[in-house]
Amino acid sequence: MEQIFIKGLPKVELHIHLEGTLDTNLIVELAEKNGIRLPRPKEELITFSGLADFLELLNWICSLVRDGSDARRLAYRFAQYASGQNIMYAEVMTNPTHWKALPYSELIPHILEGFEQAYGDGYCDCRLLVSLLRSQTRREALEMVRWMKTNRHPRLLGLSVDGNEAESESSNRELYEAFWEAKNAGFGVTVHAGESSPAAGVTEALDLLGAMRIDHGVRAVADERLLKRLSEEQIPLNVCLTSNLVELYPGVDQHPLGKLYELGIPVTVNTDDPELLGIDLCGELELASGAYGWDRADLVRLEKNAVRAAFCDEETKALLFSKLEAYCRIWRIAF
Ligand SMILES: [Zn+2]
């Protein structure tokens, strides 16, 4: 697949965590501004081995954000970066439990403002999903959703949950009321499942939490009935290839993305934590097209899947589709 096609393709990203988008330069800049010593030399800053190490690094990075201007800055920086990848629209998750120095009532409005400023300056159209942690309680989850309901913003689109899915059996009982309250209030709801949990985690996310789409979901591949359901009900799976190669599959050939696509399940390709993984969306699309023999039309189909799966309004979707269609005309691809 030609890099030039992938680079120019108007793209959508739906599974990305703001916590994983801070590049080394921004990390150093924030550390210097806030008088925080780097734990190791700049060149070795983003290194980790195993999940515990990864979470420690992530929490340290987030602890550098000390005030609203820091939060606005990193939101703006992400939108700028995304535009460089020709990502025209992104739904970015943030999990307030990681940002220890700022309460969510301050963090979220400043992130939204950063996105708004960036869009006004012609950068990527970024929206925010607030992510709960699997270990949070019913009370904390409901408090979060009620805050979202009373602090509505056109860029605040939904609720998600991430963290260790092994805890999902008990945590679904804690979180389901918050999820249904968010959904009934018109927010989109998405759930990390089928990564550190087996296929049953995906079924529970759909049935207990009312998930409208699934982040990862790749382990659904072990359950034929679930696969049929995902295809028939057209439930989107927001897949992250390289992220799964770290924990789940030894190589891209063993990853089920190609099979899920063949089954007609509306999959999308995403980066999860691009800076921490040292990847970008163009590279992930190149990796996937090489592994599964996808052509230009296949990549356009993935982007159409992503636009359909987005939580934004129909007018925004129409605009995104028109940008894709214009690109297809240039490359003579049936839309
Ligand atoms: Zn994720």
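Gln85 counts as buried, because its relative accessibility is 8% (buried means under 20% relative accessible area, exposed over 50%, partly exposed in between, with a 1.4 Å probe and protein chains only). The residue sits in the loop between H4 and strand E2 (87-94). Helices (H or I, at least four residues) and strands (E, at least two) are DSSP runs, numbered from the N terminus. Setting aside neighbours within four places in sequence, Gln85 is in contact with Lys7, Lys11, Asp280, Leu281 and Cys282; contact means heavy atoms within 4.5 Å. Cys124 is 39 residues from Gln85 along the chain, and their C-alpha atoms are separated by 9.6 Å.

This is a predicted model: local features need pLDDT of at least 70, side-chain atom pairs count only at pLDDT 80 or more, and totals for chains, interfaces and linings use all residues. Residues are numbered from 1 along each chain as its sequence is written, and side-chain values use heavy atoms, with hydrogens and water left out.

H4 (residues 68-84) meets H5 (residues 104-120): their axes come within 7 Å and cross at roughly 40°. Axes are lines fitted to C-alpha atoms, for helices over the stretch in contact, and angles run from 0 to 180 degrees between N-to-C directions. H4 is therefore oblique to H5. Angles under 35 degrees count as roughly parallel, over 145 as roughly antiparallel, 65 to 115 as roughly perpendicular and the rest as oblique. H4 contributes Gly68, Ala71, Arg72, Ala75, Tyr76, Phe78 and Ala79 to the contact. Residues on the H5 side include Leu107, His110, Ile111 and Phe115.

A second pair follows. H6 (residues 138-150) and H7 (residues 168-184) pack at about 10°, with axes 7 Å apart. That makes H6 roughly parallel to H7. From H6, the contact residues are Arg138, Ala141, Leu142, Val145, Arg146 and Lys149. H7 answers with Glu174, Leu175, Glu177, Ala178, Glu181 and Ala182.

Now the metal. His15 (NE2), His17 (NE2), His192 (NE2) and Asp272 (OD) coordinate the zinc ion at 2.1 to 2.2 Å. Donors are N, O and S atoms within 2.8 Å of the metal (3.2 Å for Na, K and Ca); water is not among the atoms, so sites may look incomplete. The donor spacing in sequence is H-x1-H-x174-H-x79-D. Both His15 and His17 are buried. The four donor atoms subtend angles of 80 to 172° around the zinc ion, so the arrangement is irregular. Four donors count as tetrahedral if all angles lie between 85 and 135 degrees; four count as square planar and six as octahedral if opposite donors are over 155 degrees apart and all others between 65 and 115; anything else is irregular.
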